[in-house]
Amino acid sequence: MNEELIISGRENLMVDPQLHIWHWPIPLYLFLGGLAAGVLFFAALFYLLGKEDEYRSAVRRVPFVAPIALIIGLAALFYDLNHKAFFWRLYTTVRLESPMSWGAWTLLVITAVSVIWCALNIRELFPRWDWKYQWLKDLETFFNKYKKVLAWVMLIYAIITGVYTGILLSAFNARPLWNTSVLGPLFLASGLSAGAAAIVLASKDRKERLAFSKIDLIILGVELFLIVHMFMGFLASTQVQIDAAQLFLGGQYTMVFWIFVVIIGIILPGILDLMELRGLHIPAVIPGALVIFGSLMFRFVFVFAGQVSRWLY
Amino acid sequence: MRYAMAVDTKKCVGCSDCVVACQTENDVPIGYCRDWVVETMDGTYPQLEVELRSERCNHCANSPCVRCCPTGASHFAEGGIVLVTHNKCIGCGACIASCPYDARYPHPKGYVDKCTFCHHRVKEGMKPACVAVCPTKCMYFGDLEDPNSDVSVILKKRKSKTLIPEAGTQPQLYFLI
């Protein structure tokens, strides 16, 4: 049999023997960004649909998760930079070709919008809140007047944030596992399902919980479809893509992907949601926590496995 | 102007003098390298074929690293040389992940580092350190748009290949085969 043996004299740290430039902060940030996007998407959507009172947690309470998640995520990103003193260079440039550049600007917008949204709903958590200074009160009146516009901006930027976390990876042609356009919608779906799960976890209203269990079930179905779709695409593509898919179909990431991401993170909570909707009483914390765990694992598995996948020459 | 390099895989003996020359010339930190020698052995014993390649950044004409850089630190200098401006680089690692040749690495000082085609020497009319030092004279450097440059002449005379052209990067490092 013809065999090829490749010996390279290169031993660069974090690049050889296989790329490992991105560690835990990146998948953690991708997860938190997706979660925040999901939470803000539902808040804006149901506010615009006029269901503010019906889905009180979704519109008014759970959004408080978003700025916290975004700020932790941004801190993780900053921690991961190797040349930290120059991080501000991100905000002196706009490069639409680079997902990381427009993503950085998107993050700036979505973080600001989420903070304003939470400020408008602050009395939900602290009923006796007082803004002390007149200019803050004026700002509150101003944003309350344009709350609908704010909600539209939040809705659109939530979608951009959710998709961007996937596009960030799919733009890398050098890593065949990431280089699939399904990754954008897949990361958006994963973020939305985590957002819906967070609402199920936080809501005290059974009707709201059931509604979001239903939404979660649909999104989990879409996610599963997109995953199957992704593998079909890989297996029908070139050798490097087939090799990338093999990482999950017998290769080193098979167990962790199918057990933690697909079974525990998608199928099991899907079944539990279904049981709940059929009238069986399932504690909401179980499917909710499983979906969030699955979403987190998905980012970790994908970021690490993607760095293993490569072109061979 | 379009700078390019050609490496003769039939003449290279894999001595790694190019690697040491580069590390010395460019003050590359210990344990890192901007160029390196790859040895591939192909076939079934006893019909084996060995190929030696002195590899480095391909200074691609369609370079994913320049495209994905969020701050514009990675850029094209004259002649298509891909360079990194140190005080614009935030060390995010996007360019490192984007390179199918893994030619970049994070410098211990924080910014991302790689082969510069010895830009500082080339603009003075000298050859890159690796080319200048090669004891078998297996490397050729020059302007592809000048038909009389070393690299144009040898590429016309000999068969050559580039590495993973199917990645769409339009690499400018040629290997004579």
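Colleague: At what angle do helix 8 and helix 12 of chain A pack?
Modeller: In this predicted model, helix 8 (residues 183-202) and helix 12 (residues 285-308) of chain A pack at about 150°, with axes 8 Å apart. Axes are lines fitted to C-alpha atoms, for helices over the stretch in contact, and angles run from 0 to 180 degrees between N-to-C directions. Helices are DSSP runs of H or I with at least four residues, strands are E runs of at least two, and both are numbered from the N terminus.

Colleague: What about numbering and confidence?
Modeller: Residues are numbered from 1 along each chain as its sequence is written, while chains are lettered from A and ligands numbered from 1 in the order in which they are written. As the model is predicted, local features need pLDDT of at least 70 and side-chain atom pairs count only at pLDDT 80 or more, but totals for chains, interfaces and linings use all residues.

Colleague: Ok, how are helix 8 and helix 12 of chain A oriented to each other?
Modeller: Helix 8 and helix 12 of chain A are roughly antiparallel (under 35 degrees counts as roughly parallel, over 145 as roughly antiparallel, 65 to 115 as roughly perpendicular, the rest as oblique).

Colleague: Which residues meet there?
Modeller: From helix 8 of chain A, they include S190(A), A194(A) and L201(A), which meet a helix 12 set including G288(A), I292(A) and F298(A). Contact needs C-beta atoms, placed from the backbone, within 7 Å. The contact of helix 8 with helix 12 of chain A has 9 nonpolar, 4 polar and no charged residues (Ala, Val, Leu, Ile, Met, Phe, Trp, Tyr, Cys and Pro are nonpolar; Asp, Glu, Lys and Arg are charged; the others, Gly among them, are polar).

Colleague: Switching to chain B: what's the strand order in the open sheet?
Modeller: The order is 8-1-10-9, 4 strands with mixed pairing; two strands pair if DSSP finds at least two bridges between them. Strand 8 (139-143) and strand 9 (160-161) of chain B are at the edges with a single partner each, so each has one side without a neighbour in the sheet.

Colleague: How many bridges join strand 1 to strand 10 of chain B?
Modeller: Strand 1 (residues 3-8) and strand 10 (residues 173-176) of chain B run parallel, joined by 4 bridges. D8(B) sits opposite L176(B) in strand 10.

Colleague: And how many residues does each chain put into the contact between A and B?
Modeller: Chain A gives 38 residues and chain B gives 43. Strand 1 of chain A gives the most on the chain A side, with 5 residues.

How values were computed:
Contact = placed C-beta atoms within 7 Å.
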